Amino acid sequence: MDIQVGDILKMKKQHPCGSSEWEVLRIGADFRMKCVGCGHRIMISRPKAEKNIRGIRRE
C-alpha cells in the first residue's frame with residue numbers, strides 16, 4: 001500500500017470526536033497519525049492501520 005507522510009486516511013471506525021479521518025505524520029513499522037477532527041495523536045502498527053483504511057486522500 002502506497003501511503004506517504006501528509007496523506008489523509010479515512011478509517012473504518014470513527015474517533016470518539018466524530019471524525020474518521022487521520023493525517024499521517026510518520027511512517028515506519030508503526031504509523032504516527034493525528035485526528036483531523038480534534039488533533040489527538042496516536043501510534044498504530046502498520047498491519048492494523050492498513051487493515052482499517054477505507055480510503056486515501058493526497059494533500
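1. R57 is partly exposed, because its relative accessibility is 39%. The scale is simple: buried means under 20% relative accessible area, exposed means over 50%, and partly exposed lies in between, with a 1.4 Å probe and protein chains only. The areas themselves come from the Shrake-Rupley method with a 1.4 Å probe, and for residues only the protein chains shown count as cover. The model is predicted: local features need pLDDT of at least 70, side-chain atom pairs count only at pLDDT 80 or more, and totals for chains, interfaces and linings use all residues. Residues are numbered from 1 along each chain as its sequence is written, and side-chain values use heavy atoms, with hydrogens and water left out.

2. What does R57 form with E21? The two form a salt bridge, with the closest N and O atoms 3.1 Å apart. R57 sits in strand β5 and E21 in strand β2, so the pair ties together parts that are 36 residues apart in sequence. A salt bridge here is a side-chain nitrogen of Lys or Arg within 4 Å of a carboxyl oxygen of Asp or Glu. Helices (H or I, at least four residues) and strands (E, at least two) are DSSP runs, numbered from the N terminus. E21 is partly exposed, because its relative accessible area is 23%.

3. How many salt bridges does the structure hold? There are five. One of them joins the side chains of D7 and R58, at 2.2 Å from N to O. This pair links distant parts of the chain: D7 lies in the segment before β1, R58 in the segment after β5 (53-57), and 51 residues separate them. Is D7 buried or exposed? D7 counts as buried, because its relative accessibility is 3%. R58 has 46% and so counts as partly exposed.

4. Now look at the helix. R46 and E50 meet through their side chains in a salt bridge, at 3.2 Å from N to O. Both residues are in helix α1 (residues 46-51), four residues apart, so about one helical turn separates them. R46 is partly exposed at 27% relative accessibility. E50 is partly exposed as well, with a relative accessible area of 25%.

5. Which residues make up the largest nonpolar core? It has eleven residues in all: I3, L9, M11, W22, V24, F31, M33, C35, I44, A49 and I53. β1, β2 (21-27) and β3 (30-35) are the elements that give two or more residues to this core. β3 gives the largest share, three residues. By definition, such a core is a set of buried Ala, Val, Leu, Ile, Met, Phe, Trp, Tyr and Cys residues joined through side-chain atoms within 4.5 Å. In soluble globular proteins, nonpolar side chains tend to be buried together.

6. The surface has a charged feature. K10, K12, K13, K48, K51 and R54 form a positive patch. Patches are made of residues with over 30% relative accessible area and no salt bridge; like charges are joined within 9 Å, and nonpolar side chains (Val, Leu, Ile, Met, Phe, Trp, Tyr) within 5 Å. Lys and Arg count as positive, Asp and Glu as negative; His and the chain ends are not counted. The place of a charge is taken as NZ of Lys, CZ of Arg, CG of Asp or CD of Glu.

7. K10 is in strand β1 (residues 8-11). It counts as partly exposed, at 41% relative accessibility. K12 is in the loop between β1 and β2. K12 also counts as partly exposed, at 44%.

8. V36 is in the loop between β3 and β4 (41-45), and V36 is partly exposed at 42% relative accessible area. V36 and E23 are 13 residues apart along the chain, and their C-alpha atoms are separated by 6.4 Å. M1 lies in the segment before β1 and counts as exposed, at 60% relative accessibility. From M1 to I42 the C-alpha distance is 20 Å, and the two are 41 residues apart in sequence.
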